[in-house]
Amino acid sequence: LPEMDPAASASPSFHACVQGSSFQPLNPEDVRAYLYKAADFITDYYTSVESMPVLPDVKPGYLRDELRASPTSEAMLVTLVAARDAALRRIASNGMSYITRLTVYATDQTHSTFFKACRLAGFDPANLRSIPTGPETDYGLDPAKLLEVMQLDFDAGLVPTYICATVGTTSSNAVDPVSAVAAVAAMFNARVHVDAAYAGSACICPEFRHHIDGVERVDSISMSPHKWLLTCLDCTCLWVRDTNHLTDALETNPEYLKNDATESGEVIDLKDMQVGVGRRFRGLKLWMVMRTYGTAQLQRHIRSDVAMAKAFEDLVRADGRFEIVVPRNFALVCFRIRARGAMTEEATDEVNRVLINRLNMSGKVYLAHTLVGNRFVLRFAVGSSLQEDRHVRSAWELIKKTTAEIIDGEEIVQ
Ligand SMILES: Cc1ncc(COP(=O)(O)O)c(C=O)c1O
């Protein structure tokens, strides 16, 4: 907060509260003053947001000293730890208690935090299976391939333990078929987690729920309202079929945490379902979002984002210079300038790299890129609460103009 308005020299300062060597609580009048300033800051930001560059003019690392590290993807981690412990108990009774035998499965499109969580949970890196995907399944998991890999592992004496299916992958919003994955998992008594970090928000609308058909057969599902449900970072919801799966693996009962509420059994001790003990009250902000907007408004938010993405997709499809690389499922459009004439794939990638760099340097738009099928792809994502049709149209005009400069100006690398 003290950094918010360096120009205001007469502003009260929290530093004044530290007097002598003893700790002094915050001065309530200082708090009041900063809260007013915070309100002004937020209001000014929203009234002038259109005149600001899309990206801030700061260097990576400038906030390093002020930020605390926070655990990554704990939702997946805790379900992995629970599945690992359950599998170990299962095979221990057969006299083969080897964590090195447990295997986990996901696709090559799965978010990188999954494999990080596997390492944290103690799975042997040699037993992490990344199943390749391709355009024939729009980069979703092919259940036949999953079955084949799991069977091979099983035949080799390994223990298929955990599958992470993603609904709405980060790169291209691919959807793994939850129902088919659950059927394959059941053959090996493996657990299934669904990572719906982004696309889970769309399921507030009935018309998108078919993407999670079969979810009634999985063990857990996570979705992050901070991605697409108007909630600020960070807020991830984890649902588990049986909370004993988590408490069996993560419960601790030290004397200093004993209390009447816990002893009564009437409260849910979330510390026993997560890695750390303390936690922020993230549920409050999600509750505030839900109360502020209501279901109908939240559905409108998702639907209008999807409609804007579809409008953009239609514009791209209608322009022969571009191609849609994978069909759009939600509010992300993966597109690129297509190869012209004798252009090689490498040269086409390079043209697209030039395009995205110029667009992002303009300060008017920001697009992220990815590789789909090893080709460089631009990602047009609609998701900001203030985004309107006119922004999509002006972004498209900028994309067309910049493309014309690159292509018609014959700046292409042949
Ligand atoms: C499908 C999916 N899973 C997991 C993550 C990781 O989420 P977070 O950055 O909130 O840890 C992402 C982030 O983009 C994602 O798209």
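Reply: What follows begins with the model as a whole, turns to the cavity, and ends with some other places in the chain.

This is a predicted model, in which local features need pLDDT of at least 70 and side-chain atom pairs count only at pLDDT 80 or more, while totals for chains, interfaces and linings use all residues. Residues are numbered from 1 along each chain as its sequence is written, and side-chain values use heavy atoms, with hydrogens and water left out.

The mean pLDDT (the predictor's confidence in each residue, from 0 to 100) of the chain is 87, and 87% of its residues reach 70 or more. Over residues 1-23, however, the pLDDT is below 50, and this stretch has 27 contacts in the model beyond near neighbours in sequence, where contact means heavy atoms within 4.5 Å. The chain has 11 helices and 10 strands, which are DSSP runs numbered from the N terminus (helices are H or I with at least four residues, strands are E with at least two). Of the 414 residues in the chain, 41% are buried; buried means under 20% relative accessible area, exposed means over 50%, and partly exposed lies in between, with a 1.4 Å probe and protein chains only.

A search of the whole structure finds three cavities of 30 Å³ or more. A cavity here is a set of points, on a 1 Å grid over the protein atoms alone, where a 1.4 Å probe fits but cannot get out, and lining residues have an atom within 4 Å of a point. Grid points are joined across faces, edges and corners, and a volume is the space filled by probe spheres set on the points.

Serine 220 counts as buried because its relative accessible area is 3%. Not counting residues up to four places away in sequence, serine 220 touches Thr79, Val192, His193, Val194, Leu238, Trp239 and Val240.

Serine 179 is found in helix α5 (residues 178-188), and because its relative accessibility is 32%, serine 179 counts as partly exposed. With residues up to four places away in sequence set aside, serine 179 touches Asp213, Gly214 and Arg217. The C-alpha atoms of serine 179 and isoleucine 212 are separated by 7.9 Å, although the two residues are 33 apart along the chain.

Histidine 301, in helix α9 (residues 282-317), counts as buried because its relative accessibility is 10%. Leaving aside neighbours within four places in sequence, histidine 301 is in contact with Trp228, Leu229, Leu230 and Gly383.

Definitions and conventions
On a 1 Å grid over the protein atoms alone, a cavity is a set of points where a 1.4 Å probe fits but cannot get out, and a pocket is an open set with protein on both sides within 12 Å along at least five of seven lines; lining residues have an atom within 4 Å of a point.
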